[in-house]
Amino acid sequence: MADAYQSEGPQAVYDEAVQLLQPGILKIDHFEGIDRIHPRVHSGAPNWRSVGDLAVFGSAQPTLEGLKQVVNHYSGNCKKSKVVWINMRTEPVIYVNGFSLAPRNPSNLKENLEINSLTVKDITELENYLVNQVIRKKVAQSSELVYFRDTYSLIPEDRKEERLTEATTPEKVLTLRQAYDWMKEELPVPVDLVRLPINDVPNERVPDLADFDHLVELVRTKVDTQTAVHCNCQMGRGRTTTGMFLVALIYSKQNGRQIPNSPLTDTPENGFYSLVRGLLERLPNGSTFKSEIDALMNSCDQLINLRGFIWHCKEARDKEMAKEQPDETKNRRALFWHNLAKNYVERYFYFICFNAYLTEHEGSFTEWCEKRNDLFVDLLGRNAGSPQDLSQCLLQKFEWN
């Protein structure tokens, strides 16, 4: 029983998540307007793309038919003999009738559940609870699934929901692991499903230090020239692009693959913000490390450029400030973009540090950051790996300069 389960993460967080799952409020992953890359290459996997000529791919959470389509592509077109599939979602995911859904807070249908600090085992147990104790029981009573679908907008308050129903049976309600296991016989090569939950709510935060280290070990032990790596989140945008970029960077560094080093012009639009300049001044070869990650970001920017999006947030913020709207609305919407930009510039800061770490091959990334904690305290106003502010620093006062 779920109430007897001892969470590996904070028990209070797990218990609260169970309470949120009990109403069985679901939202389908493939919302109206999910396609930001046209046309779809694989009909069941929106926003599918690759990192240059590397066998590193990404997409939205696929339908089960979409899973089969992309794995067939990796086997047939790319001649790969195995797939490492990295699911980067912190929220529970289930499948019904072959398409994926995730639970939502009944009081906030517009955003994914904020479930942080739980382990992969905890999230898996939540999925088991949602399927066995909630959704299958509801379906057994009504022979239909009730769910919601929304429209695309980066600002959650602008999303619109519609309520939908679909006929189904309890045996067609599956956890994420059950769905992938059920597809095994239809796939031409083995698919190793790896869960790596990355912080998303609120405002797409930097991954935990342990997530960086997990990815390093994963690429080292599971990825070779015969492997295709596929990353996904819900839409295939922020967390997916982060995963694709990090896997490509790790693989390139571990295998001595040359990364182009063409420095960009020193402007804020190109990522030369005050706190980034401060890092480059204190980090040996910092400019090279920045140039390398800029090149990799450009090679996987079909949906979002992890550096360029920081400046995009400024343009979006300025548009909100220029609109004829009540001051309270204007300030709230402008603050959304400002906070998003701060999270992305912090993420950019960590990526430069991560590239330095990979080049130096010194212990774990966690250890590397802790040894250089003064960099993070001085420039971000936070201890390495911590989201807690210690002071009013460059990050808190960040204004795209």
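Reply: The largest pocket has a volume of about 470 Å³, where the volume is the space filled by probe spheres set on grid points joined across faces, edges and corners. A pocket here is an open set of points on a 1 Å grid over the protein atoms alone, where a 1.4 Å probe fits, with protein on both sides within 12 Å along at least five of seven lines, and lining residues have an atom within 4 Å of a point. Please keep in mind that this is a predicted model, in which local features need pLDDT of at least 70 and side-chain atom pairs count only at pLDDT 80 or more, while totals for chains, interfaces and linings use all residues. Residues are numbered from 1 along each chain as its sequence is written, and side-chain values use heavy atoms, with hydrogens and water left out.

Me: OK, and which residues lie nearest the centre of the largest pocket?

Reply: Those are N112, R159, D200, E204 and R237, out of 25 residues that line the largest pocket. Two helices, α6 (238-254) and α10 (327-360), each supply at least two residues of that lining; helices (H or I, at least four residues) and strands (E, at least two) are DSSP runs numbered from the N terminus.

Me: How do the residues of that lining divide into nonpolar, polar and charged?

Reply: The lining of the largest pocket holds 10 nonpolar, 6 polar and 9 charged residues, where Ala, Val, Leu, Ile, Met, Phe, Trp, Tyr, Cys and Pro count as nonpolar, Asp, Glu, Lys and Arg as charged, and the others, Gly among them, as polar.

Me: And what volume does the second largest pocket have?

Reply: The second largest pocket comes to about 330 Å³, and among its 19 lining residues R205, N343, E346, R382 and P387 lie nearest the centre.

Me: What about α7 and α12, at what angle do they cross?

Reply: The axes of α7 (residues 274-282) and α12 cross at roughly 150° and come within 10 Å, and that makes α7 roughly antiparallel to α12. In this contact L275, G278, L279 and R282 of α7 meet D374, L375, D378, L379 and L380 of α12, giving 5 nonpolar, 1 polar and 3 charged residues.

Me: Are α1 and α3 roughly parallel or antiparallel?

Reply: They pack at an angle of about 30° with their axes 10 Å apart, and are therefore roughly parallel. The contact joins Y14, A17, V18 and L21 of α1 to D122, E125, L126, Y129, L130 and V134 of α3.

Me: Changing topic, which peptide bond is cis?

Reply: The bond from H38 to P39 is cis, with omega near -10°, and P39 sits in the loop between β1 (26-28) and β2 (49-50). Elsewhere, S117 has a positive phi of about 75° although it is not a glycine, and S117 is found in the loop between β6 (99-103) and α3.

Notes. Axes fitted to C-alpha atoms, helices over the stretch in contact; angles between N-to-C directions. Parallel < 35°, antiparallel > 145°, perpendicular 65-115°, else oblique. Contact = heavy atoms within 4.5 Å.
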